[in-house]
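Please look closely at the structure shown below, and keep the sequence beside it while reading.

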Amino acid sequence: QVQLVESGGGLVQAGGSLRLSCAGSGRTFSSYPMGWFRQAPGKEREFVAAISWSGGSTFYADSVKGRFTISRDNAENTVYLQMNSLKPEDTAVYYCNAKVLGGQAFGSWGQGTQVTVSS
């Protein structure tokens, strides 16, 4: 079982940028596609982005395509989410997941990191 810790959230103005990190420990980090999800107040958790085990393939929700970039460093056991051109509707708690297939989460969750975008 892998343990995940997200960091990098905060308060930013619309149009700004943040870089989230998800550090993993435990089993071999690079075994599965990993991904980011988010949950806004009163809403269900939704898929944001995923990356293949090698980092060669990435997938994005339509709402973030062209603005967010997911990457991973298996040597450092870390997955990143670079978020640019942030909008107020990006405000949510962001979670990473250790096993993402078809936009669905099947693995361990981190504790989440809050992202707040002010207008």
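In this predicted model, Trp36 stands opposite Cys96, which belongs to strand 9, and Trp36 also stands opposite Ala49 of strand 5. In general, the strands of a sheet are paired by hydrogen bonds of the backbone, and the pairing can be parallel or antiparallel.

Strand 9 has a further partner in strand 12, with which it pairs in the antiparallel sense over 3 bridges; here Ala92 has Val115 of strand 12 as its bridge partner.

| Strands | Sense | Bridges |
|---|---|---|
| Strand 9 and strand 12 (residues 113–118) | antiparallel | 3 bridges |

Where do these strands sit in the sheet as a whole? The sheet is open and has 6 strands, arranged in the order 2-12-9-4-5-6, and its pairing is mixed. Its edges are formed by strand 2 (10–13) and strand 6 (58–60), each of which pairs on one side only. From one strand to the next, the twist averages 25 degrees.

Cys96, the residue that faces Trp36, also takes part in a disulfide with Cys22, in which the two sulfur atoms are 1.9 Å apart. Because the torsion about the S-S bond of Cys22 and Cys96 is about 55 degrees, this disulfide is right-handed. Cys22 lies in strand 3 (residues 18–25), whereas Cys96 lies in strand 9 (residues 92–97), so the pair ties together parts that are 74 residues apart in sequence. A search of the whole structure finds 1 disulfide.

Are the two cysteines buried or exposed? Both Cys22 and Cys96 are buried, and strand 9 is itself mostly covered, since 5 of its 6 residues are buried.

Ser108 has a relative accessible area of 10%, which is under the 20% limit, so Ser108 counts as buried. Leaving aside residues up to four places away in sequence, Ser108 touches Gln1, Val2, Leu4, Cys96, Asn97 and Ala98.

Key: Residues are numbered from 1 along each chain as its sequence is written. This is a predicted model: local features need pLDDT of at least 70, side-chain atom pairs count only at pLDDT 80 or more; totals for chains, interfaces and linings use all residues. Side-chain values use heavy atoms; hydrogens and water are left out. A disulfide is a pair of cysteine sulfur atoms within 2.5 Å. Helices (H or I, at least four residues) and strands (E, at least two) are DSSP runs, numbered from the N terminus. Buried means under 20% relative accessible area, exposed over 50%, partly exposed in between (1.4 Å probe, protein chains only). Two strands pair if DSSP finds at least two bridges between them. Axes are lines fitted to C-alpha atoms, for helices over the stretch in contact, and angles run from 0 to 180 degrees between N-to-C directions. Contact means heavy atoms within 4.5 Å.
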